[in-house]
Amino acid sequence: MCSPQESGMKAVGVRMVTRSRSRGPAAGPRWVGEDAVRLRMGEAAAEGRKSCSPVKRPRKTQRLKVAYEAPGGEKGEGTEPLVAPGWEPPDWRKQLENIRAMRSGRDAPVDQLGAEHCYDPSAPPKVRRYQVLLSLMLSSQTKDQVTAGAMQRLRAHGLTVDSILQMDDSTLGTLIYPVGFWRSKVKYIKQTSAILQQCYGGDIPASVPELVALPGVGPKMAHLAMAVAWGTVSGIAVDTHVHRIAGRLKWTKKATKSPEKTRAALEEWLPRELWSEINGLLVGFGQQTCLPIRPRCQACLNRTLCPAARGL
């Protein structure tokens, strides 16, 4: 960097060299007239003040706006820029269509014995919601047939918050046996029922964070409770079936190690209008065709589209 005076001196110097060259190699510099006066003035000014370099202001960065146009269209006035599409699995729409076709009979255990079929439809709304939550708590690590049997026995004894809190642990254990981890579930059901009575007037919470804060209630149960009990789609309910099938079809951008990781990965790309359908659809598909061990790939319409069936 240099001062304006120094810039003037350089400019004069350039003119001197140019003129001296025009006279030939043997000629010396030519100091005459206006050039000499300007040089002396520049030197005097430079001696009278301190040299300072002007601050160079940074240039503003301009953002480049990129608009994506629809195929075959021309961009004009009033045209809304299209958002670039994110990641989605190849062939997922065709795979989903095939699963719907295979599940058209709706004859899997989940279709007859799922949480939406375990409550007493004649009970008051608050009691129905409580029964939905209890059926979901019992269903963890348990087949639908076993869960449905336990719910029938509980309802025969009057399945309400008050009746459960008045029931001793031994009786409750006998009624829910042989659901998976039934001893732990006796404790969780009693603790959760006490919280519902004290904090929610015997009803269940209407949000996922409050539901998962209850003893024995996980994210899958919370999202299903929101859908079945409150009629609200809060997220994708992912159990072991959905987790397994999503992995086999490579419906996640990278491999996931838990149902909750799978849920987050699916929600990144799966259209929200499909969230309420995907659990029941894939659970029944997992119960009938895409079994945990020895899946029935030869009977599956996705056998040529499924990466797992193709050994990919």
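**Figure 1. Surroundings of Leu154 in the predicted model**. Apart from neighbours within four places in sequence, Leu154 is in contact with Leu138, Leu159, Ile164, Leu172, Leu175 and Ile176. The model shown here and in the views that follow is predicted.

**Figure 2. The largest nonpolar core**. This core has 36 residues. Those with the most contacts inside it are Leu133, Leu138, Leu154, Ile164, Leu172, Ile176 and Leu211. At least two residues of the core come from each of helix H5 (125-139), helix H6 (144-156), helix H7 (161-166), helix H8 (169-176), helix H9 (182-200), helix H10 (208-212) and helix H11 (219-230). H5 supplies the largest share, seven residues.

**Figure 3. The aromatic pair of Trp92 and Trp269**. Four aromatic pairs are counted in the model. In the pair formed by Trp92 and Trp269, the ring centres are 5.0 Å apart and the planes are at 70 degrees, an edge-to-face arrangement. Trp92 lies in helix H3 (residues 92-102), while Trp269 lies in the loop between helix H13 (259-267) and helix H14 (275-288); the pair therefore ties together parts that are 177 residues apart in sequence. Both Trp92 and Trp269 are buried. Which tryptophans are linked into a cluster by ring pairs? The cluster consists of Trp87, Trp92, Trp251 and Trp269.

**Figure 4. The aromatic pair of Tyr177 and Trp182**. The ring centres of Tyr177 and Trp182 are 5.6 Å apart and their planes are at 85 degrees, so this pair is edge-to-face. Tyr177 has 48% relative accessibility and counts as partly exposed. Trp182, at 23% relative accessibility, also counts as partly exposed; the cut-off for a buried residue is under 20%.

Figure 5. Most residues other than glycine have a negative phi, and most peptide bonds are trans. Tyr177 and Pro178 are joined by a cis peptide bond, with omega about 10 degrees. Phe181 is not a glycine, yet it has a positive phi of about 55 degrees. Is Phe181 buried or exposed? At 57% relative accessibility, Phe181 counts as exposed.

**Figure 6. Arg294 in the segment after H14**. Arg294 has a positive phi of about 55 degrees and is not a glycine. Arg294 counts as exposed, with 75% relative accessibility.

**Figure 7. Gly311 and Arg248**. Gly311 lies in the segment after H14. With 63% relative accessibility, Gly311 counts as exposed, since the cut-off for an exposed residue is over 50%. What separates the C-alpha atoms of Gly311 and Arg248? The separation is 9.9 Å, for two residues that are 63 residues apart along the chain.

How values were computed:
Residues numbered from 1 in each chain as written. Predicted model: local features only at pLDDT ≥ 70, side-chain atom pairs only at ≥ 80, totals over all residues. Heavy atoms only, no water. Core = buried A, V, L, I, M, F, W, Y, C linked by side-chain atoms within 4.5 Å. Buried < 20%, exposed > 50% of the residue type's maximum accessible area, 1.4 Å probe, protein only. Helix = DSSP H or I, 4+ residues; strand = E, 2+ residues; numbered from the N terminus. Contact = heavy atoms within 4.5 Å. Phe/Tyr/Trp six-rings, centres within 6.5 Å; stacked < 30°, edge-to-face > 60°.
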